[in-house]
Amino acid sequence: MPAMNSHYADAKHHMTEQACNYYGERALGGFGLLITEFLCVSEEGLAYPMQAAIYDDEFIPSFSRLTGRVHENGGRIFAQLQHSGRMQGKGSTDKMAFVASSKFSPNFCERSESFSPISFTLAVHELTEAEVKEVVKKFVAAAVRAQKAGFDGVEVHGAHGYLLAQFLSRGVNKRVDRYGGSVSNRARIVCEIVEGIKEACGKAFPVCVRTSGDEG
């Protein structure tokens, strides 16, 4: 089962008992591998105020309950690791949004409670090379937490216009350093994240990457 938002996290970004039930029932129903909804690796990367997060050790206990339920019901589960970048949700945090490149910053959209699009402009900060390294560390640290919580692997979210997709995109990434330009440079941050996770969690710990086939 691919990642889909359950909307069962609480206001403090923890997975609830309802989330455990949601994933547990799907394992019981026969899914061999479940991938969670997107789990934010850093506070400024939140996509909306009630998003589940994995940027602190305080989140490990609720994830342990969730993975335990899935395993009891015969399934396996990966944690999807995500950072919204310039798609930070309105009202999610008071921290400035990070972007791959500030030279491409159109209006941003957030959905209201009625799910009709609302346009607004978001203040953004283009990551320096040193700050890119810190983002890589945050993804790796999140993977370590996922492993401690009993997840069977992780999926790195590089799709849907979020931060890593912003680096991968030739249309969005206008950087002129080692993280921009060629395909290899634009993919460098993702490769460093995968390599870092493998080093921290072990070669046998599965890691996959989700990308967009078409940016639309």
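**Ground rules.** I number residues from 1 along each chain as its sequence is written, and I use heavy atoms for side-chain values, leaving out hydrogens and water. As the model is predicted, local features need pLDDT of at least 70 and side-chain atom pairs count only at pLDDT 80 or more, while totals for chains, interfaces and linings use all residues.

**Entry 1, the helix pair.** I looked up helix H1 (residues 17-28) and helix H2 (residues 60-72), whose axes come within 8 Å and cross at roughly 25 degrees; helices here are DSSP runs of H or I with at least four residues, strands are E runs of at least two, and both are numbered from the N terminus. Axes are lines fitted to C-alpha atoms, for helices over the stretch in contact, and angles run from 0 to 180 degrees between N-to-C directions. That crossing makes H1 roughly parallel to H2, a term for angles under 35 degrees.

I noted that the contact (heavy atoms within 4.5 Å) includes Glu17, Tyr23 and Ala27 of H1 and Arg65, Leu66 and Val70 of H2.

Most residues other than glycine have a negative phi. I found that phi of His13, in the segment before H1, is near 75 degrees, a positive value, and that His13 counts as buried at 9% relative accessibility. His160 lies in the loop between strand E7 (153-158) and helix H4 (163-168), has a positive phi near 60 degrees, and counts as partly exposed at 43% relative accessibility. Buried means under 20% relative accessible area, exposed over 50%, and partly exposed in between, with a 1.4 Å probe and protein chains only.

Notes. Parallel < 35°, antiparallel > 145°, perpendicular 65-115°, else oblique.
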